[in-house]
Amino acid sequence: FLAERGLELSLEKTKITHIQDGFDFLGVNVRKYNQKLLIKPSLKSQQSLRDKVKQTLEKMAHATQAELIQVLNPILQGWAMYHRRGVAKAIFSRLDDQIWHMLWKWAQRRHPKKSAHWVADRYFQRVKDQSWRFAEPKGTHGEQATLILMSAIPIARHIKIRAAAHPYDPQWNKYLKERKSSNIRQAARCPPGAVEELEPYAG
């Protein structure tokens, strides 16, 4: 089929593997566990995110907390939004914890002569009903720069589009409109600033 169209498989990029062993593709791992297919963020993609956060912390060692949060939030949000269609809730929580420890070390390095209690009061606040959030102290007008939690972004399972649906066939207009409205409602349940459609995460 490919040869007739002048195409051939790349030996370097082609792999035949058993579904029980799984494979990585576009930042996700596809694998069957006990006959159940699960699609999760790949280990390589998770490490890529951790590396990006680490590089950002090193680069912004002398930046203000608000400036750091402004840079990190789109990174974390973009990664989580890209992977929220898969089995990712536990991974989101684990990454939140790992990033929290990276931020704790970042804060301590900035104030080597200050106590851990002082650092905690300065950089970690109670936000609503959650303590130890990486956030600025509340300003006089109540504004507070806060790092998002990826685990707070709801998982939204992908619903396969009907095979016969066609955007140029008027009989499917209602179906496609309702499908789009459903996606918008899902986006509305995400943290402020999150968007429904993002460029694929380069991880």
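Is Phe 134 buried or exposed, and what is its relative accessible area? In this predicted model, Phe 134 is buried, with a relative accessible area of 2%.

**View 1. The aromatic pair of Trp 100 and Phe 124.** The structure contains eleven aromatic pairs. In the pair formed by Trp 100 and Phe 124, the ring centres are 5.2 Å apart and the planes meet at 45°, so the pair is classed as tilted. This pair links distant parts of the chain, since Trp 100 belongs to helix 3 (residues 89-110) and Phe 124 to strand 4 (residues 124-127), 24 residues apart. Trp 100 is partly exposed, its relative accessible area being 23%, whereas Phe 124 is buried at 6%.

**View 2. The aromatic pair of Phe 124 and Phe 134.** The ring centres of Phe 124 and Phe 134 lie 5.5 Å apart, and their planes are at 65°, so the pair is edge-to-face. Phe 124 is located in strand 4 and Phe 134 in strand 5 (residues 130-134), so the pair ties together parts that are ten residues apart in sequence. Both partners are buried, with relative accessible areas of 6% for Phe 124 and 2% for Phe 134.

**View 3. The aromatic cluster around Phe 124.** One aromatic cluster is formed by Trp 100, Trp 104, Trp 106, Tyr 123, Phe 124, Trp 132 and Phe 134.

**View 4. Charged side chains over aromatic faces.** Arg 5 lies over the face of Phe 1, 4.0 Å from the ring centre. In a further arrangement of this kind, Lys 40 is positioned over the face of Tyr 33, at 4.6 Å from the ring centre.

**View 5. A nonpolar patch on the surface.** Ile 19, Phe 23, Phe 25, Leu 26, Leu 37 and Ile 39 form a nonpolar patch on the surface, and together they have about 550 Å² of accessible area. Strand 1 (23-25) and strand 3 (36-41) are the elements that each give two or more residues to the nonpolar patch. One of the patch residues, Phe 25, is placed in strand 1. With a relative accessibility of 52%, Phe 25 counts as exposed.

Methods: Residues numbered from 1 in each chain as written. Predicted model: local features only at pLDDT ≥ 70, side-chain atom pairs only at ≥ 80, totals over all residues. Heavy atoms only, no water. Phe/Tyr/Trp six-rings, centres within 6.5 Å; stacked < 30°, edge-to-face > 60°. Helix = DSSP H or I, 4+ residues; strand = E, 2+ residues; numbered from the N terminus. Buried < 20%, exposed > 50% of the residue type's maximum accessible area, 1.4 Å probe, protein only. Lys NZ or Arg CZ within 6 Å of the ring centre and 35° of its normal. Patch = residues over 30% accessible without salt bridge, like charges linked within 9 Å, V, L, I, M, F, W, Y side chains within 5 Å. Areas by Shrake-Rupley, 256 points an atom, 1.4 Å probe, with all protein chains shown as cover. Salt bridge = Lys/Arg side-chain N within 4 Å of Asp/Glu carboxyl O.
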